[in-house]
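Please read the report below alongside the sequence and the model, which are shown here.

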Amino acid sequence: MTNRLSLGLVQTAARHHAAGDPDAFAADVRGVVADHPDVRLLAYPELHLCGHRPGEDPRTVMTAAAEPLDGPRGARLSALARELRIWLVPGTVYELGDDGRVYNTSPVYSPTGERVAAYRKIFPWLPHETTAAGDTFVVFDLPGHGRVGLTICYDAWFPETTRHLAWQGADLVLNLVRTPTVDRAQEVVLARANAIVNQVFMASLNAAAPEGVGRSLVVDPEGRVRGEAGPGSEEILTDVLDLAEARRVRERGTEGMARVWDPFEEGRPPLELPLYAGRVDPDRWRRGARP
């Protein structure tokens with residue numbers, strides 16, 4: 001396993017390609033890859049392809065843009081990833097589910113064009129967002145590098161989300177964001193906090209103005225900010241991550257001290273969690289879900 005992953009986060013304003021020229025996004029991606037040929041995983045912000053413009057009714061846009069993941073839009077994204085031989089996370093899209101509901105979904109395409117993952121936002125920002133809520137935590141493997149978990153914007157405010165992804169073996173959690181409001185300052189803190197308490201890399205990718213206020217960032221498993229984009233501007237944040245570092249931090253502890261995945265002594269009974277009507281089983285906690 002080589003582990004080192006070249007990551008590209010495209011902090012940019014939405015181009016609203018779904019309602020306009022379907023080739024515009026492909027041109028954007030080709031340009032980024034030409035300028036950054038070493039990038040293997042390329043990601044865009046929340047609703048980059050399907051966002052509404054100021055003054056547009058979000059429900060109308062959502063209904064018009066929603067497609068099944070294997071529809072024409074998905075076929076184009078698959079072909080683009082295969083053409084450029086990259087792992088492509090094209091932001092999030094409005095997905096028309098088999099149940100007739102519309103979800104805010106992040107698909108992931110491999111360098112062979114296969115859709116390897118699709119994550120539906122579990123925590124829409126109520127009451128402003130009207131998409132249906134997802135119910136499944138999603139990770140996917142990057143052979144030779146490690147495992148990546150997916151979250152979308154407001155998900156980062158709920159500690160259960162990143163904790164489950166880390167428990168499922170995620171070395172990196174990619175949070176796709178579309179935040180135009182002043183609480184981006186808190187989201188930056190949350191990116192660091194989620195990295196620290198779960199010992200994972202965090203990559204929080206926000207849109208540029210006017211859809212977002214920028215400040216995309218990459219955080220290491222001990223909470224150090226490796227890189228941060230500017231406020232509001234369009235730019236590409238790149239980094240090369242050794243994803244195995246997340247596993248090393250879990251083994252040796254943050255700063256060589258805190259081993260948050262091994263807090264239970266042998267034989268300790270399960271810890272009841274009244275909030276969830278469930279429990280933490282020490283053996284299951286330590287074992288995790290990673291095969």
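## The second largest pocket

Helix H4 gives the most to the lining of the second largest pocket, with four residues. This is a predicted model, in which local features need pLDDT of at least 70 and side-chain atom pairs count only at pLDDT 80 or more, while totals for chains, interfaces and linings use all residues. Residues are numbered from 1 along each chain as its sequence is written, and side-chain values use heavy atoms, with hydrogens and water left out.

The lining draws at least two residues from each of H4 (159-167), strand E15 (278-280) and H7, where helices (H or I, at least four residues) and strands (E, at least two) are DSSP runs numbered from the N terminus. The volume of this pocket is about 440 Å³, and of its 13 lining residues the closest to the centre are His-164, Leu-273, Arg-279, Val-280 and Trp-285. By class, the lining has six nonpolar, two polar and five charged residues; here Ala, Val, Leu, Ile, Met, Phe, Trp, Tyr, Cys and Pro count as nonpolar, Asp, Glu, Lys and Arg as charged, and the others, Gly among them, as polar.

Grid points are joined across faces, edges and corners, and a volume is the space filled by probe spheres set on the points.

## The largest pocket

The largest pocket holds about 620 Å³ of space, and among its 27 lining residues His-52, Trp-125, Glu-129, Arg-178 and Pro-180 are the closest to the centre. Helix H2 (residues 58-65) gives the most to this lining, with three residues. Eleven of the lining residues of the largest pocket are nonpolar, seven are polar and nine are charged.

## The cavity and the cysteines

A search of the whole structure finds one cavity of 30 Å³ or more, and the largest cavity has a volume of about 50 Å³. Residues that line the largest cavity include Cys-153, Asn-175, Arg-184, Glu-187 and Met-202. Helix H5 (184-198) and strand E10 (201-205) each supply at least two residues of this lining, and H5 gives the most, with five.

The search of the whole structure finds zero disulfides. Cys-50 is buried, with a relative accessible area of 2%, and Cys-153 also counts as buried, at 8% relative accessibility (buried means under 20% relative accessible area, exposed over 50%, partly exposed in between, with a 1.4 Å probe and protein chains only).

## Nonpolar cores

A nonpolar core is a set of buried Ala, Val, Leu, Ile, Met, Phe, Trp, Tyr and Cys residues joined through side-chain atoms within 4.5 Å. In the largest such core, of 30 residues, Leu-9, Leu-41, Phe-140, Leu-150, Leu-172 and Leu-174 touch the most other members. A second, separate core of 26 residues includes Ala-26, Val-32, Leu-88 and Tyr-94.

Terms used: 1 Å grid on protein atoms, 1.4 Å probe; cavity = no way out; pocket = protein on both sides within 12 Å on 5 of 7 lines; lining within 4 Å. Disulfide = S-S within 2.5 Å.
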